[in-house]
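Work through the exercises below with the sequence and the model side by side. Each task is followed by its solution in steps.

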Amino acid sequence: MDALPPTPLRKPAAPSSFPESPLSRALRQPMMLGLFLPIQAGGWTSSKTPRTTTWTFDYNAALTQQAEALGFDIVFGLAQFLPKGGYDEVRDGQALDSFMTVAALAGITTRILLVSTVHVLYGPWHPLYFAKFGATMDHIAKGRWGVNVVTGHRTVEHEMFGGAQIEHDRRYRLADEFLDVVKHLWAADENFSYQSETWGLKDAFVTPKPAYGRPIIVNATGSEAGMGFAAAHSDLVFISSPTGTAFETAIDALPAHVAKVKAAARAAGREVRVIINPMVILGETDGAANDYAESIIAGSVAGDGVFGGFKSDAHAWAKRKDYDTARQRALGGGNLQIIGGPEDVADSIARLHEAGVDGVQLSFFDFSLDLALFGDRVLPLLKARGLRL
Ligand SMILES: Cc1cc2nc3c(=O)[nH]c(=O)nc-3n(C[C@H](O)[C@H](O)[C@H](O)COP(=O)(O)O)c2cc1C
């Protein structure tokens, strides 16, 4: 086995260090606005109450254009691999691949950041392929592409790829090595050889280089190891509520949680921005929002927990058992919930901002209709409060 290179691996400049990069533009917003694309059946909500939401490409393409027209900064697609039947009757496992979907979205948008999720340890991906695909996506999307690096918290997924689940913190060590190699390939102006237990490259080179140093790097975590990974690599960190779905409880715990994520990055000499993923049930008034929530709950289906009974070791959702009821799964089990009229939703987003959160990655029940109402009624309030430029 060849030795590791004698010099440290190179790191490309972060896209935030280029004032004209799409990431820098998004970061100028006091509160970034992102949309969770429902490229998987049911989105986050296991309810049969009628709605327009579907996992289809056409629906998600139109939704992305709608979000861009409203001035949203980010759309994001998750990645999952589930056996036949999925989680339950509604979240039945049908899901588009996030990476390919986002590639297609690049061609029909011009401004919005496009983040796809990649399980870098499945297969496993080779760093050279990933660096090439990433540089290509970066050029297609003109610096708007980001990758949410995940390591696989569901045991069944590793098994689907023919292996056993790798231990939680070891997954992050492997992902860290993977990203170090990928980043070197994005930065290096010479051929690169490398050999470890997991990956080998001989005289490897990637060109073109990404437009703004490297693509945007994101990870989603609630664990110490995941925060360490974020500190080393990420521009944006997705968090979920550290306490559960209830807003009033979460808002007390969030300042310390967010500060911890940011402090880990500062200790490594870097800055990260933190984005939380609330489920928003919006009505014209608080009463209408509560009625809407009840109508969603009325359509709830039987099921076995947020993750359909599949084993997960994600720290980010360690508290999810608190809301593993059909009622909570119908409303977006696992995620912070904001249920209210326009003023209440704007207030909640303002309070998240005060808690140190830099952006929200929103999910809805009936995505296109609810997003339209959000644009009409909540966006002007956010602008009036100085949360949106
Ligand atoms: C907003 C958000 C989005 C996520 N998206 C995905 C995803 O697309 N695919 C996936 O396998 N896991 C996803 N995760 C789960 C993380 O990968 C999971 O939290 C992971 O196991 C990290 O675990 P940790 O919290 O123990 O660090 C997401 C988590 C959050 C908070």
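## Exercise 1: Accessibility

Ile-140 has a relative accessibility of 44% and counts as partly exposed. In this scheme buried means under 20% relative accessible area, exposed means over 50%, and partly exposed lies in between (1.4 Å probe, protein chains only). The model is predicted: local features need pLDDT of at least 70, side-chain atom pairs count only at pLDDT 80 or more, and totals for chains, interfaces and linings use all residues. Residues are numbered from 1 along each chain as its sequence is written, and side-chain values use heavy atoms, with hydrogens and water left out.

Solution. 
- Step 1. Beyond neighbours within four places in sequence, Lys-262 contacts Val-272, Val-274, Gly-356 and Asp-358, where contact means heavy atoms within 4.5 Å.

## Exercise 2: Helix H8 against helix H11

Task: describe how H8 (residues 247-267) and H11 (residues 342-354) pack.

Solution. 
- Step 1. Two packed helices are described by the angle and the distance between their axes.
- Step 2. The axes of H8 and H11 come within 9 Å and cross at roughly 20°. H8 is therefore roughly parallel to H11, since angles under 35 degrees count as roughly parallel, over 145 as roughly antiparallel, 65 to 115 as roughly perpendicular and the rest as oblique.
- Step 3. Axes are lines fitted to C-alpha atoms, for helices over the stretch in contact, with angles from 0 to 180 degrees between N-to-C directions.
- Step 4. Phe-247, Glu-248, Ile-251 and Leu-254 of H8 meet Ser-348, Arg-351 and Leu-352 of H11. By class, the residues of this contact are 4 nonpolar, 1 polar and 2 charged. Ala, Val, Leu, Ile, Met, Phe, Trp, Tyr, Cys and Pro count as nonpolar, Asp, Glu, Lys and Arg as charged, and the others, Gly among them, as polar.

## Exercise 3: Helix H11 against helix H12

Task: which residues of H11 and H12 meet, and at what angle do the two helices pack?

Solution. 
- Step 1. H11 and H12 (residues 367-384) pack at about 50°, with axes 9 Å apart; the two are therefore oblique to each other.
- Step 2. On the H11 side are Pro-342, Glu-343, Val-345, Ala-346 and Ile-349; on the H12 side are Phe-374, Arg-377, Val-378, Leu-381 and Leu-382. The contact has 8 nonpolar, no polar and 2 charged residues.
- Step 3. Beyond its sequence neighbours within four places, Pro-342 also contacts residues including Leu-282, Gly-283, Glu-284 and Thr-285.

## Exercise 4: The nonpolar core

Task: which residues touch the most other members of the largest nonpolar core?

Solution. 
- Step 1. Such a core is a set of buried Ala, Val, Leu, Ile, Met, Phe, Trp, Tyr and Cys residues joined through side-chain atoms within 4.5 Å.
- Step 2. Among its 83 residues, these are Leu-35, Phe-72, Phe-130, Leu-352, Phe-374 and Leu-382. Helix H6 (residues 168-187) supplies the largest share, 9 residues.

Technical notes:
Helix = DSSP H or I, 4+ residues; strand = E, 2+ residues; numbered from the N terminus.
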